[in-house]
Amino acid sequence: MQWSTAPLFWTPQCWEVQFWQLALVSLTVVSFLIPECALLPEVLKSTIADIGEYYLVRNLSIHELVAHEFIDAFVKKGSCYALTYNTKIDQDNTAALLPNGKLILSVDKDTYEELGLQGRPSRYSGKKAMRYIITIDLTDAGFHPESKKHNRVLWALKEKKPLEFDFLLAWYNTGAEGSTLMSYFSKNQIQALKPKITFSTLRDLQCPVLQSNDLQGKPEESCSTEELFEWLGAVLNQVSLDNNSSSFLSTYCCPEPNTVVEKAFLCTITGFIIPEKIIQLLEQLCCYFGEPKLAYWLTLTVHGFADSPVSWRESEHGFHKGGENLYNFVIFRNLDYWLQMAVGAHDDCPP
Amino acid sequence: MAARAEPPPAAFERRVLRSAARHHYLRVRLELPDGGARPNAAQFKQLVVSALRELHGEVGAALPVDVLTYEEKTLSAILRVISSGLVKLWSALTLLGFYQNRRCAFRVLQTSPFLLALSGNSRELVLD
């Protein structure tokens, strides 16, 4: 289990490039916490309202994602995301489509042998490989409709071993005209869903004091990154922050030094959310400090899917005991930031 | 004429911590298939301690476990234990079979060295 933190002075242009490199492929829960804020600014409200829809398609055969009509309509014209719904990465076959056009299949040994496509053993399956990863690059020049590669893949997925899943789909359209996912999959059972959004205002919240250039904290002056990470988990899980060291139930308390803020705004968005929308949200959260504010910092937390076959960029992701892959931004009033990335045991170190 | 101050050069620091979490967190749910009165928070904590005592003796019972949250309605809780005690706690909860002479079982729903990871569980994402 590993995580890293970096404070950085940033300018808007260079920050966006770095963010793309860091983005998890697809996201399930996004939360942000703004101390000393009771009402959300209108700009943030509209960014949240604009978070977009995602789609759930039941019983979709995977060969339909390899069809050239789909690739030309969606994969090549914007960023298309797909992930199998309700499949467990440590037990079932799983598939994901990345925005760079790669289709990742994580399959068990029997399915791999029956499919007959080239893949590699999973890094986390032990001495005897019981899980294999197949990567198909849909935007590869050699993957055109008449090529041997394409025909082989189509034959394997359509005739040799047809695989069907419920898929979560999302598409970030770069303004191109054409069909939508809803109309393309109208023959399948497709449902458009909106992410679930909840707002709450926390009163009299103890918040740790932080110094942006002090990652390890200084006694009596500021808290460390680990203490903040645990505190944020406590707030989002509604843990009581006020216990005695002699209390029977719990001895957890807010790290010192801390201040009590009268009110704090917490928003949670749950669903299949794409990184492009997170960037927009992050930009608006940074603009929050464009006007003088009482808060010294705010946080944005993003969780990835525990059962996704990939976590950061294309590194393989396994579940082990928790499947956690998440990151947390702490943005300071002076526009420094901390980025904390956490992964489980069956994961690579994030970039 | 005052000169405009140059912005300070960008500083970057990266720290990587491996297996450094001091505590592990478990989200658990107690199942009481035979129904009956639900334990309150203190009784729940006592149950956890007695599970540890049953399997690991007095030394096990002295393991510091915090019940960070407890919901009586759903009998679910978040527990915190030091990392070296995770196996002891998890095994004790798994092998606990009775509460006040009623059958019971602990289900460990989620576990992580990060408390923040327990606030989002994609395996529980239910879509209509």
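How many salt bridges does the rule find across the interface of chain B and chain A? The rule finds four, a salt bridge being a side-chain nitrogen of Lys or Arg within 4 Å of a carboxyl oxygen of Asp or Glu. In one of them, the side chains of A:Asp90 and B:Arg123 meet, with 3.0 Å from N to O.

This is a predicted model, in which local features need pLDDT of at least 70 and side-chain atom pairs count only at pLDDT 80 or more, while totals for chains, interfaces and linings use all residues. Residues are numbered from 1 along each chain as its sequence is written, chains are lettered from A and ligands numbered from 1 in the order in which they are written, and side-chain values use heavy atoms, with hydrogens and water left out.

The interface of the two chains can be described further. Contact, meaning heavy atoms within 4.5 Å, takes in 45 residues from chain B and 58 residues from chain A. The size of an interface is often given as the accessible area lost when the parts come together. Here the buried area is about 4200 Å², with carbon and sulfur atoms giving 59% of it; the term stands for the accessible area (1.4 Å probe) that two parts lose on being put together, summed over both. B:Arg15, B:Leu116 and B:Arg123 supply 19% of the area that chain B buries against chain A, more than any other three residues.

Across the interface of chain B and chain A there are also 16 residue pairs in polar contact, both residues at pLDDT 80 or more. A polar contact is a pair of N or O atoms within 3.5 Å; within protein, one must be able to donate a hydrogen and the other to accept it, and residues adjacent in sequence count only if both atoms are side-chain atoms. On the side of chain B that touches chain A, strand 3 of chain B gives the most, with five residues. Helices (H or I, at least four residues) and strands (E, at least two) are DSSP runs, numbered from the N terminus. By class, this side of chain B has 26 nonpolar, ten polar and nine charged residues. Ala, Val, Leu, Ile, Met, Phe, Trp, Tyr, Cys and Pro count as nonpolar, Asp, Glu, Lys and Arg as charged, and the others, Gly among them, as polar.

Chain A itself is divided into domain 1 (2-51 + 196-342) and domain 2 (54-193), with bounds that come from an automatic or database domain assignment. The contact between them takes 20 residues from domain 1 of chain A and 27 residues from domain 2 of chain A. Their centres, taken over C-alpha atoms, are 32 Å apart. Between them the two domains bury about 1900 Å², 68% of it on carbon and sulfur atoms.

Two salt bridges are counted between domain 1 of chain A and domain 2 of chain A. A:Glu316 forms a salt bridge with A:Arg120, in which the closest N and O atoms are 3.3 Å apart. On the side of domain 1 of chain A that touches domain 2 of chain A, strand 13 (258-273) and helix 8 (275-287) of chain A each supply at least two residues. Helix 8 of chain A has the largest share, three residues.

Two backbone details of chain A remain. A cis peptide bond joins A:Glu256 and A:Pro257, with omega about -5°, and A:Pro257 lies in the loop between helix 7 (225-236) and strand 13 of chain A. A:Asn86 is not a glycine, although its phi is positive, about 65°. A:Asn86 lies in the loop between strand 5 (79-84) and strand 6 (94-97) of chain A.
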